[in-house]
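Please keep the model open as you read.

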Amino acid sequence: MQKEAKDFLILALDVDTMEEAQSLVRELKGCVSQFKVGLQLYTSVGPDVFKMIQDEGSKVFFDGKFHDIPNTVAKAGANLVAKGVDVFTVHIKGGSKMISTTVKLARETAKRCGLERPKILGVSILTSFGQRTLTEEIKVNLNIDEYALELSKIAKDSGLDGVLSASADVASIKTACGKDFLCICPAARPTWSVVNDQVRVITPGNAVKAGFDKIIIGRPITSAPDRLQAAQLILDEIEASLLMQDEERFI
């Protein structure tokens with residue numbers, strides 16, 4: 001079945017209160033596939049936000065970016081499974097043992113609870129990082145896209161379902177890890193919005209063209225004077241990219 005434009009869109013609920021989050025969910029649940037809860041909202045209102053999103057008939061993406069010893073991350077992941085989240089994230093740099101232990105316990109917990117196991121995604125490189133930060137501060141002497149590819153291979157080999165990666169070379173990740181390995185774009189910005197604190201960004205249309213499976217967008221929608229209009233503009237851009245791809249296949 002061909003994906004619709006809204007199937008690509010994940011909205012980041014980067015707000016501080018349950019009231020703000022619920023207002024966004026109620027207004028925009030017809031425009032997006034999932035709502036992403038990050039540390040800002042979670043540390044303000046806690047796991048009650050998961051139930052709110054679920055009660056509104058929507059899917060929960062918890063972007064906690066876990067990075068700790070294997071036992072701690074695995075048990076935190078199991079708690080998320082029991083709460084019925086649809087997706088959660090871990091830092092790939094936590095290592096293969098941390099990842100594989102988490103995946104194993106998530107699978108066991110889902111089976112015990114009679115639930116579907118959430119998709120578990122790996123965070124490769126934060127989108128606030130540029131090449132200078134990677135080279136001079138983290139002391140990694142690889143091109144940033146090459147480093148993202150190497151981390152993606154670790155994620156795949158350790159059992160993750162996909163990655164959040166701003167790598168421009170999505171095709172290389174798909175080639176190395178398989179076409180069903182999910183690539184989520186964490187920092188899409190339409191041309192009419194500001195970049196904010198992101199360094200490596202891509203427009204929604206170009207993200208779809210590049211091969212990303214889903215796109216995360218927050219402030220360009222949540223801070224817009226007319227949030228529904230902003231969401232629709234992004235959906236129109238995604239739809240135009242999908243139509244262009246269809247046309248190219250028939251040429």
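## Helices H4 and H5

Helix H4 (residues 70–82) packs against helix H5 (residues 96–113) at an angle of about 30 degrees, and their axes lie 8 Å apart. Axes here are lines fitted to C-alpha atoms, for helices over the stretch in contact, with angles from 0 to 180 degrees between N-to-C directions. H4 and H5 are therefore roughly parallel (angles under 35 degrees). H4 passes H5 in a right-handed crossing, meaning that the near helix is turned clockwise from the far one by less than a right angle.

On the H4 side, the residues in contact (heavy atoms within 4.5 Å) include Val73, Ala74 and Ala78, while H5 contributes Leu105, Ala106 and Thr109 among them. By class, this contact has 11 nonpolar, 3 polar and 2 charged residues.

## How the model was read

This is a predicted model, in which local features need pLDDT of at least 70, side-chain atom pairs count only at pLDDT 80 or more, and totals for chains, interfaces and linings use all residues. Residues are numbered from 1 along each chain as its sequence is written, and side-chain values use heavy atoms, leaving out hydrogens and water.

## Helices H7 and H8

H7 (residues 144–157) and H8 (residues 170–177) pack at about 30 degrees, with axes 10 Å apart. That makes H7 roughly parallel to H8. Leu149, Ser152, Lys153 and Lys156 of H7 meet Ser172, Ile173, Ala176 and Cys177 of H8.

## Aspartate 213

Aspartate 213 sits in the loop between helix H9 (204–210) and strand E8 (214–217). Aspartate 213 counts as buried because its relative accessibility is 17% (buried is under 20%, with a 1.4 Å probe and protein chains only).

Definitions and conventions. Helix = DSSP H or I, 4+ residues; strand = E, 2+ residues; numbered from the N terminus. Buried < 20%, exposed > 50% of the residue type's maximum accessible area, 1.4 Å probe, protein only. Parallel < 35°, antiparallel > 145°, perpendicular 65-115°, else oblique. Nonpolar A, V, L, I, M, F, W, Y, C, P; charged D, E, K, R; others polar.
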